[in-house]
Amino acid sequence: MVEKKIKLVRTDEKIYEVGILALQGDFELHTQALKRTGHESLLVKTPDELKRVKRLIIPGGESTTVNKLVDIYNLRRPLIEFGRKNPVWGTCAGLIMLARDSNDPRVQPFELIDIDAARNAYGRQVHSFSKKSKISLNGRSEEIELVFIRAPKITRVGDNVQVLAELDGEIVMAREKNILVSAFHPELSESTLIHEYFLTM
Amino acid sequence: MKNSDNYKIKVGLAEMLKGGVIMDVTTPEQAKIAEDSGAVAVMALEKVPADIRKEGGVARMAAIEVIEQIKEVVSIPVMAKVRIGHFAEAQMLEAMEVDFIDESEVLTPADDKYHIDKWDFKVPFVCGCRNLGEALRRISEGAAMIRTKGEAGSGNIVEAVRHMRLVMGHIRKLQNMNPEELKSEAREMGVDVELVKKTAELGKLPVPNFAAGGIATPADASLMMQLGAESVFVGSGIFKSDDPAVRAKAIVQATTHFRDPKVLIEVSRHLGGAMKGLDINKIPEDELLQIR
């Protein structure tokens, strides 16, 4: 009798193409955006969950809160090590967490990309705004609504950082090797261009 | 900017606050403790609801100086409350660049008929609700975030639970209705049928839905999150407890890991005493804040 081998994969061991850091913030919106690209994602709250994803999105939220929670849950070291090898994308607060310097003692960033950031640099909520702009990535161009919410500015970029988008003289999206940052929220727009770009990194 | 773009930005900030804790504070020192404990935002007010309840009299928007000082010491969003219908207080808060306005039943209402027309403002509003009809009416008026009313200053979670269950249960009912029934339902609630349809489709409110009114422990926060809340407001619960900083941190962690009882056990050790709290049935009906 031929024994049939059935390999069972426990759902809690499944490896995901992409994970979203879900300590606090708009991680749901990234989940939905990734769904529109046909990808299931894993919400990451623990070091064990981080081991089950190939790339990670750090969403928008409050960087002071995320900074606190990262330490409470012993995620700082694992996240930095993860980001040295794997693609990581930070939007808004996520950009601040990935930067070299946050210009604020309340937030100690991971120093994974050679940029400096300034928190809430456009001002308080009444100065939040959105603007349509053309973004070109991987030979594809799309007009995207760029939504800035109490957004940070990139105040310095290192020599090896590639500028991917600018708006009114400010750098709003950049990449260095496997690290991508955007000051705006692509997950709040209809377009999935940037999510698809991240999936090719 | 078009009104719809503006609305997206207002709801956008509410989205960024998800999975977090918004704490009531009355002084810059408390605001600092809240920020250091991991609050996603602070609500600046003159007195916490428990004291408003105790002291009676007319409760109004906080003093300008208090709001200004709090804005100065923290980098997280600062919210403030206005009386229901008091659009002049709201105009002042907007001009002060407060990040979010709570049109709140905790303060003494200024208008017994009309809520503020929130579409006119650039600053986003949050409003309280006891049921789905109330939530959708506030959204129709331009609210970018909804929270349960619960019973503020009571330290008793029962009313917030009731309100969250009513909202979520009603949405589940909508999901089983045909177009005709949805229309009739919309008429009964006094809101546009398109909004009702959208809510049924989404299976949740079209704006972030937070819990408020009576949260006093990490377990309370977890309970509300498991019932469908996307963040929690803690009013008197933190600064009326024995050790505010420790309790604030514990509630923040309980909100992140609301489905993990092990985390809840860990953070609930050595918390010190919670606020005393009130039996809802012993509050005279005309002193209930939620009926405002």
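Two strands pair if DSSP finds at least two bridges between them. By that rule, chain B of this predicted model holds an open sheet of eight strands.

**The sheet of chain B**

The strand order is β7-β6-β5-β4-β3-β2-β1-β8, and the pairing is parallel. β7 (209–210) and β8 (232–234) of chain B stand at the edges. Each has a single partner strand, so one side of each is left without a neighbour in the sheet.

At the β8 end, strand β1 (residues 21–25) of chain B runs parallel to β8(B), and three bridges join them. B:Val21 has B:Val232 of β8(B) as its bridge partner. A helix covers this part of the sheet: α12 (residues 244–256) of chain B lies across β1 and β8 of chain B. The direction of α12(B) is at about 155° to β1(B).

**The sheet of chain A**

Chain A has an open sheet of seven strands, in the order β2-β1-β3-β4-β11-β10-β9. Here the pairing is mixed. The edge strands are β2 (42–44) and β9 (162–167) of chain A. Each pairs with a single strand, so one side of each has no neighbour in the sheet. Neighbouring strands of this sheet are turned by 20° against each other on average, direction ignored.

Inside the order, strand β3 (residues 56–58) of chain A pairs with strand β4 (residues 88–91) of chain A. They are parallel, with three bridges. A:Ile58 stands opposite A:Gly90 in β4(A). Helix α1 (residues 27–36) of chain A packs on the sheet and touches β1 (19–21), β2, β3 and β4 of chain A. The direction of α1(A) makes about 165° with that of β1(A).

**Where the chains meet**

The size of an interface is often given as the accessible area lost when the parts come together. The table lists that value and the counts for this pair of chains.

| Item, chain A with chain B | Value |
|---|---|
| Residues in contact | 37 residues of chain A, 39 residues of chain B |
| Buried area | about 3000 Å² |
| Salt bridges | four salt bridges |
| Polar contacts, both residues at pLDDT 80 or more | 23 residue pairs |

Of the buried area, 55% is on carbon and sulfur atoms. Which residues of chain A lose the most area to chain B? They are A:Arg124, A:Gln125 and A:Val126, together 22% of what that side buries.

One of the salt bridges links B:Glu35 with A:Arg106. Their closest N and O atoms are 3.0 Å apart.

Three elements of chain A give two or more residues to the side that touches chain B: α3 (63–72), β6 (129–137) and β7 (140–148). α3(A) gives the most, with five residues. By type, the residues on this side of chain A divide into 11 nonpolar, 14 polar and 12 charged.

How values were computed:
Residues numbered from 1 in each chain as written. Chains lettered and ligands numbered in written order. Predicted model: local features only at pLDDT ≥ 70, side-chain atom pairs only at ≥ 80, totals over all residues. Heavy atoms only, no water. Contact = heavy atoms within 4.5 Å. Buried area = accessible area lost by both parts, 1.4 Å probe. Salt bridge = Lys/Arg side-chain N within 4 Å of Asp/Glu carboxyl O. Polar contact = N/O pair within 3.5 Å; in protein donor to acceptor, adjacent residues only side chain to side chain. Helix = DSSP H or I, 4+ residues; strand = E, 2+ residues; numbered from the N terminus. Nonpolar A, V, L, I, M, F, W, Y, C, P; charged D, E, K, R; others polar. Axes fitted to C-alpha atoms, helices over the stretch in contact; angles between N-to-C directions.
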